[in-house]
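Dear colleague,

I am handing over the structure we spoke about, and my notes on what was found in it follow below. Please read them with the coordinates open beside you.

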Amino acid sequence: MKNPNKQLQINPNWAQLQQKLKSHGPKPPATETPATILGKRKERTDAEFDDSLSHVNPLTPVNDDCSVTDEVAMDCEMVGVSQGNKSALGRVTLVNKWGNVIYDEFVRPLEHVVDFRTQISGIRPRDLRKAKDFRIVQKRVAELIKGRILVGHALRNDLKALLLSHPKEDLRDTLEYEPFMSRGKGSRRALRHLAAEFLDVQIQNGEHCPIEDARAAMVLYQKNKKAWERRVKDQIKLKQKQKKRKPKKKRKEGDDLKTDLAETAS
């Protein structure tokens with residue numbers, strides 16, 4: 001007969017295992033990852049991304065490619081010559097379609113400068129001491145814009161200062177583009193106003209920067225390129241149709257008199 005007071009002997013390995021389990025304590029139940037956790041993380045990332053984009057300056061080039069593209073934007077700054085009321089070229093800047101500078105030079109005018117117009121042009125006497133001769137700059141700019149779409153604001157003034165011309169069908173002037181004009185009035189608007197409304201960026205607060213101005217004109221063009229080019233094509237077609245129409249020959253008064261005399265004589 002077995003002795004009831006005799007305790008059962010436990011395997012020493014089993015005793016050690018129980019002791020370890022007690023010391024570590026029970027493990028908390030595993031929690032399942034909510035199905036929406038990835039969605040929330042993605043939404044948060046998108047929000048942060050959109051917020052960062054809102055602070056990106058649209059005039060900042062998207063790359064560092066400084067090649068001469070089929071579309072170039074130009075901006076010029078003027079100084080005063082003669083008695084100060086006559087404008088002459090003091091600086092000219094060209095950027096490619098990405099906004100990278102392809103040419104930027106201070107220019108020594110043909111006439112003596114009497115007003116540097118620094119508060120607007122940003123040009124100072126020291127800038128023109130080693131400036132390039134007007135004829136050298138003129139020749140280089142002519143080479144760069146030849147056969148290309150030329151973008152800018154008030155390009156007629158810039159080309160006049162350079163003593164250059166450019167085919168009208170290749171000009172993309174933000175001053176002359178109808179959708180940019182004041183609604184109802186049809187009046188032309190300053191580049192800084194266009195940049196503020198359409199690009200949400202402030203420019204020309206004080207001294208003008210021709211690089212910044214050229215970039216602003218280029219971005220305005222690129223954002224409206226499809227509609228702009230369609231409008232240009234329609235205008236060209238309209239002109240071609242008008243040329244094909246033969247104008248009616250107007251009879252001169254002398255011809256009418258001759259006809260009347262001939263009829264009377266007969």
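Is Cys66 buried, partly exposed or exposed? In this model, which is a predicted one, Cys66 is partly exposed, its relative accessible area coming to 47%. Cys76, with a relative accessible area of 7%, is buried. As for disulfides, which would need a pair of cysteine sulfur atoms within 2.5 Å, the count is zero.

Among contacts between residues at least 6 apart in sequence, 60% join residues that are at least 24 apart.

The buried residues in α5 are Phe134, Val137, Gln138, Val141, Leu144 and Ile145. Seen down the axis of α5, these buried residues fall within an arc of 130°, so they line one face of the helix.

What do the buried residues of α5 pack against? Their partners are the strands β1 (71-81), β2 (86-95), β3 (101-108), β5 (132-133) and β6 (149-152), together with the helix α6 (155-162). At the start of α5, a side-chain oxygen of Asp133 comes to within 3.0 Å of the backbone nitrogen of Arg135, while after the helix comes Gly147, which has a positive phi, near 75°.

Some of the strands that α5 packs against also pair with one another, and here the sense of the pairing deserves attention. β2 and β3 pair in the antiparallel sense over five bridges, with Leu94 standing opposite Tyr103 in β3. The hairpin of these two strands has five residues between them, and in it Gly99 takes a positive phi near 90°. β3 and β5, on the other hand, pair in the parallel sense over two bridges, and there Val107 stands opposite Lys132 in β5.

Methods: Residues are numbered from 1 along each chain as its sequence is written. This is a predicted model: local features need pLDDT of at least 70, side-chain atom pairs count only at pLDDT 80 or more; totals for chains, interfaces and linings use all residues. Side-chain values use heavy atoms; hydrogens and water are left out. Buried means under 20% relative accessible area, exposed over 50%, partly exposed in between (1.4 Å probe, protein chains only). Helices (H or I, at least four residues) and strands (E, at least two) are DSSP runs, numbered from the N terminus. The arc is that of the directions from the helix axis to the C-beta atoms. Contact means heavy atoms within 4.5 Å. A polar contact is a pair of N or O atoms within 3.5 Å; within protein, one must be able to donate a hydrogen and the other to accept it, and residues adjacent in sequence count only if both atoms are side-chain atoms. Two strands pair if DSSP finds at least two bridges between them.
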